[in-house]
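Work through these exercises with the sequence and the model side by side. Try each task before you read its solution.

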Amino acid sequence: MNKGGDIFAKEFDTDPDFSDNTNTTNIISNNKNNNNSNNEIDDADVEKHLYKVLLIGDYAVGKSSIIKRYCTGIFSPNYKLTIGVDFSVKDIEWEKNKIVSLQLWDIAGHERFGTMTRVYYRYAIAAIIVFDLSRPSTFDAVTKWREDVNSKVVLANQEPIPVLLLANKSDLSTSYVDSDMLDRFCKENNFIGWFATSASSDTNINEAMHFLTKEILEVAKTNHPPKPEEDTLELTKTNDDKSDNSKSCCK
Ligand SMILES: Nc1nc2c(ncn2[C@@H]2O[C@H](COP(=O)(O)OP(=O)(O)OP(=O)(O)O)[C@@H](O)[C@H]2O)c(=O)[nH]1
């Protein structure tokens, strides 16, 4: 997995599966490293778009597993609590010379971390709320997570960001999917749709992500949360600034 990095820390226990540096399942034919000169594409011709997507929901519903399955194709049955926030990047060659990079933010679901501050939701263009089909209480919490998203991030036009609902662990025999109820729920609560997924059996993960990416590209045509550069102060060095590398306080 192309692990973006840990914002706080990662997990408690160790899983050899996860601690490796496996690259994201990269479906881009990388021009510079591609020896096939017939297919060479000049970097300048490639459009790259980076979008931040939040994955939220109660603890242990499968957020990290969905990201891992999508980015690396791997599933691990071990539970490793996410501490704080973690993120991974998935590159998709959406069309010729157009790369979509999804930066997937895996937000800790355990109540011991409370809800994340607004800072972690900033610049997100979409979110995925996950619940566990075998634990009804995790569905009850979906509305709370939805309100949390709405209160912390909006698009440039102040509208809510698109949110997709994932009913995960559909592989379990205790899981029951009430399609009519979920259709109604999504309509009433302004979700763009829902998928019954399984990170374990790799069901509907790619389909759900494809659906969301299409929606993101639609939204991005006219609307995007402010980008970091539009929202930061530039600090310029002046003649009065006497600091140089040799005067580091850490030396
Ligand atoms: N059977 C089954 N188990 C799953 C599935 N997805 C995740 N799990 C298991 O559920 C447990 C929790 O999965 P995680 O992906 O760590 O859950 P999370 O939502 O990231 O949890 P937090 O980090 O606490 O927020 C792990 O033991 C996973 O192996 C699934 O689709 N089917």
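## The chain as a whole

Of the 251 residues in the protein chain, 45% count as buried. Keep in mind that this is a predicted model.

**Exercise 1.** List how many helices and strands the protein chain has, and give their pattern along the sequence.

*Solution.* 
- Step 1. Count the elements: the protein chain has six helices and seven strands.
- Step 2. Read along the sequence: the pattern is β-β-α-β-β-α-β-α-α-β-α-β-α.

**Exercise 2.** Decide how many of the six residues of strand β6 (residues 163-168) are buried, and sort them by the way they point.

*Solution.* 
- Step 1. Recall a rule: in a regular strand the side chains alternate between the two faces of the sheet.
- Step 2. Sort the residues: Val163, Leu165 and Ala167 point one way from β6. Leu164, Leu166 and Asn168 point the other way.
- Step 3. Check the cover: six of the six residues of β6 are buried.

**Exercise 3.** Find the strands joined to β6 and follow the chain from β6 to β7.

*Solution.* 
- Step 1. Take strand β5 (residues 124-132): six bridges join β5 to β6, and the two run parallel. Here Val130 stands opposite Leu166.
- Step 2. Take strand β7 (residues 193-196): four bridges join β7 to β6, again in parallel.
- Step 3. Trace the path: from β6 the chain passes through helix α5 (residues 179-188) to β7. This β-α-β crossover is right-handed.

## Around the ligand

**Exercise 4.** Describe the shell of residues that surrounds the ligand.

*Solution.* 
- Step 1. Count the shell: 25 residues surround the ligand. The closest are Lys63, Ser65, Tyr79, Thr82 and Asp171.
- Step 2. Sort the shell by type: ten residues are nonpolar, ten polar and five charged.
- Step 3. Find the main contributor: helix α1 (residues 63-72) gives the most, with three residues.

**Exercise 5.** Give the distances from oxygen atoms of the ligand to N or O atoms of Val61, Ser64 and Lys169, then say how much of the ligand is covered.

*Solution.* 
- Step 1. Start with the backbone: an N or O atom of the Val61 backbone lies 3.2 Å from a ligand oxygen atom.
- Step 2. Move to side chains: an N or O atom in the side chain of Ser64 is 2.8 Å from a ligand oxygen atom. For the side chain of Lys169, the distance is 3.0 Å.
- Step 3. Look at the cover: the ligand taken alone exposes 650 Å², and the protein buries 92% of that.

## Single residues

**Exercise 6.** Is Thr213 buried or exposed?

*Solution.* 
- Step 1. Locate Thr213: it lies in helix α6 (residues 205-222).
- Step 2. Apply the cut-off: Thr213 is buried because its relative accessibility is 1%, and buried means under 20%.
- Step 3. Check its side chain: a polar atom there lies 2.6 Å from the backbone oxygen of Met209.

Notes: Residues numbered from 1 in each chain as written. Predicted model: local features only at pLDDT ≥ 70, side-chain atom pairs only at ≥ 80, totals over all residues. Heavy atoms only, no water. Buried < 20%, exposed > 50% of the residue type's maximum accessible area, 1.4 Å probe, protein only. Pairing = 2+ DSSP bridges. Right-handed = clockwise from strand over helix to strand, strands pointing away. Near = heavy atom within 4 Å. Polar contact = N/O pair within 3.5 Å; in protein donor to acceptor, adjacent residues only side chain to side chain. Areas by Shrake-Rupley, 256 points an atom, 1.4 Å probe, with all protein chains shown as cover. Nonpolar A, V, L, I, M, F, W, Y, C, P; charged D, E, K, R; others polar.
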